[in-house]
Amino acid sequence: MNITLRQLKVFERVARRLSFTRAAEELYLTQPAVSMQIKQFEESVGLPLFERLGKKIFLTRAGEELYRLSRQVSQQLEEAEQLIEELKGTDGGRLVVAVASTVHYFAIRLLADFCKSYPKVRVNFKVTNRKGLLRMLEDNEVDTVLMGQPPEELDLFAEAFMENPLVLIAPADHPRAGQKSIRLEDLQNETFLMREQGSGTRNSVERFFAERGVRILASMEMNTNGAIKQGVEVGLGLGLVSIHTVERELADGRVVVLDVESFPIVRQWYIVHRAGKRLTAAATAFEDFVRSEAQRFVLPFDGSLGSSPAEAVGSGPSS
Ligand code: PGA
């Protein structure tokens, strides 16, 4: 059998997802490239590994056996890689860090500072929403993740390192800007710009309203914090976002935080990795850096709503 590690990797992903499309997306390949790899793999093996029944694909008996073995091989390769990274220490090691879309506003500044202290560490920095991060953790694709509280049923190490206040933002000329203690009921006729399903911010906001029995009548879905902020600025509606995503817009007076009862919704940011994962020296150094330094990269938030922070921190992303 003349197979390559690349074919094995592609096969494993298709077998895990039982979908050529999803495997292609996750491996950043085109679907024809994935199909070609699988075809060549099947030819080398000499047996079909998948069968198509209706619209779904299934593993054949040979496919199931090879899937079991390919998982062992990838696990051992990962262990070998991990060991080498450990031996390299922070002098040339590799760090794969993934952060929630909402976290990247301060995480990019934090990373810049980390890289000054550890210039030889090679960094792979990924940004996606909560759902994407949980998938990466499940697939053991990352060393460390910065995100909202992960679900308890997953076997993860999670340590809170900073508060994440969610606020309601409005355009500066909104009639309720500057009003004190706005009641939630008074906002029922407003349009809310909401993050997409799968976003941690969205989950918290929905839970918050459901617990208070408040129904949002009109909402518009947007899949980035940047789009929500711009939408608010041009008067499309009110935005529910983490304060850490709007520091610059507040400082520039482009949006204001409304002083609404029970707000902010205070969540926490967590350092997360797979329980039992052998962290590389670079990943350990990064986690320690986050624990001790993260607070420096956000503006202090004392809970006094309706006021704008005096100055923005550093020069982070503005969208
Ligand atoms: P996001 O936030 O998914 O809304 O970007 C991350 C989280 O809360 O886990």
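A pocket, as I use the word here, is an open set of grid points with protein on both sides within 12 Å along at least five of seven lines, and a residue lines it if one of its atoms lies within 4 Å of a point.

**Entry 1: the largest pocket.** I worked from a predicted model. I looked up the largest pocket and found a volume of about 1400 Å³. Its lining is made of 42 residues, and S74, E78, D139, N140 and E141 are those nearest its centre. Two or more lining residues come from each of α1 (5–17), α4 (61–88), β3 (94–100), β4 (122–128) and α6. I noted that α4 gives the largest share, with 14 residues. Sorted by class, the lining holds 22 charged, eleven nonpolar and nine polar residues. I then asked between which domains the pocket lies. Domain 1 (5–76) and domain 2 (87–161 + 269–297) both contribute lining residues, so the pocket lies between these two.

**Entry 2: N140.** I returned to N140, one of the residues nearest the centre of that pocket. N140 sits in the loop that joins α6 (130–138) to β5 (144–147). Its phi is positive, about 55°, although N140 is not a glycine. I recorded this because most residues other than glycine have a negative phi.

**Entry 3: a cis peptide bond.** I checked the peptide bond from F263 to P264 and found it cis, with omega near 0°. P264 belongs to the loop between β10 (255–257) and β11. In general, most peptide bonds are trans.

**Entry 4: the cavities.** I searched the whole structure and found three cavities of 30 Å³ or more. The largest cavity holds about 90 Å³ of space. Its lining has 13 residues, and A100, T102, R130, G200 and T201 are nearest its centre. The elements giving two or more residues to this lining are α7 (200–211) and β11 (265–274). By class, I listed seven polar, three nonpolar and three charged residues. Domain 2 (87–161 + 269–297) and domain 3 (165–266 + 304–313) each supply at least three residues.

**Entry 5: the ligand.** Which residues are around the ligand? I listed A100, S101, T102, N129, R130, M147, G148, R195, S199, G200, T201 and R267. The side chain of T102 has an N or O atom 2.8 Å from an oxygen atom of the ligand. For R130, a polar backbone atom is 3.0 Å from a ligand oxygen atom. For G200, a backbone N or O atom lies 2.8 Å from an oxygen atom of the ligand. Of the 280 Å² of accessible area that the ligand has on its own, the protein covers 100%.

Methods: Residues are numbered from 1 along each chain as its sequence is written. This is a predicted model: local features need pLDDT of at least 70, side-chain atom pairs count only at pLDDT 80 or more; totals for chains, interfaces and linings use all residues. Side-chain values use heavy atoms; hydrogens and water are left out. On a 1 Å grid over the protein atoms alone, a cavity is a set of points where a 1.4 Å probe fits but cannot get out, and a pocket is an open set with protein on both sides within 12 Å along at least five of seven lines; lining residues have an atom within 4 Å of a point. Grid points are joined across faces, edges and corners, and a volume is the space filled by probe spheres set on the points. Helices (H or I, at least four residues) and strands (E, at least two) are DSSP runs, numbered from the N terminus. Ala, Val, Leu, Ile, Met, Phe, Trp, Tyr, Cys and Pro count as nonpolar, Asp, Glu, Lys and Arg as charged, and the others, Gly among them, as polar. Domain bounds come from an automatic or database domain assignment. A residue is near a molecule or strand if one of its heavy atoms lies within 4 Å of it. A polar contact is a pair of N or O atoms within 3.5 Å; within protein, one must be able to donate a hydrogen and the other to accept it, and residues adjacent in sequence count only if both atoms are side-chain atoms. Accessible areas come from the Shrake-Rupley method with a 1.4 Å probe; for residues, only the protein chains shown count as cover.
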